[in-house]
Amino acid sequence: MTISASATDTGRHRRDVGFYGSAREGFRGLLGSLPPNKKVLLPAYIGLSAREGSGIFDPVLESGIDVDFYPLHPDLTVDVLALEERIS
């Protein structure tokens with residue numbers, strides 16, 4: 001078997017890529033691409049600061065998308081049973 005030294009299908013692994021100035025902007029873009037009437041599940045430790053807001057929750061609030069929170073154990077591991085309930 002001979003392996004070619006040059007690419008034969010240069011578009012095979014090409015993907016559209018978007019660049020954002022911050023993770024908050026990227027998350028806002030992701031939320032904006034969701035179909036209507038979708039819900040986002042977030043871990044219950046997401047919070048707001050009066051001075052800084054929330055890098056994760058601000059874009060969710062701005063998008064108007066429905067949100068629910070799933071609980072965590074005291075060591076911040078996911079309560080899998082509660083998460084499964086919320087998913088179903």
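In this report, contact means heavy atoms within 4.5 Å. By that rule, Val 40 touches Leu 31, Leu 34, Ile 65, Asp 66, Val 67 and Asp 68, leaving out residues up to four places away in sequence.

A word on the background: this is a predicted model, where local features need pLDDT of at least 70, side-chain atom pairs count only at pLDDT 80 or more, and totals for chains, interfaces and linings use all residues. Residues are numbered from 1 along each chain as its sequence is written, and side-chain values use heavy atoms, without hydrogens and water.

Let's start with the whole chain. The order of elements from the N terminus is α-β-α-β-α, with helices (H or I, at least four residues) and strands (E, at least two) taken as DSSP runs. The radius of gyration, taken over C-alpha atoms, is 19 Å, well over the 12 Å that the globule rule (2.2 Å times the number of residues to the power 0.38) gives for 88 residues, so the chain is more spread out than a compact globule.

| Property of the protein chain | Value |
|---|---|
| Box filled by C-alpha atoms, along the principal axes | roughly 60 × 30 × 30 Å |
| Distance between mean positions of the 9 positive and 12 negative charges | 7 Å |

Charges here are Lys and Arg (positive) and Asp and Glu (negative), leaving out His and the chain ends, and are placed at NZ of Lys, CZ of Arg, CG of Asp or CD of Glu.

Val 67 counts as partly exposed because its relative accessibility is 23%; buried means under 20% relative accessible area, exposed over 50%, and partly exposed in between (1.4 Å probe, protein chains only). Beyond its neighbours within four places in sequence, Val 67 contacts Lys 39, Val 40, Leu 42, Phe 57 and Val 60.
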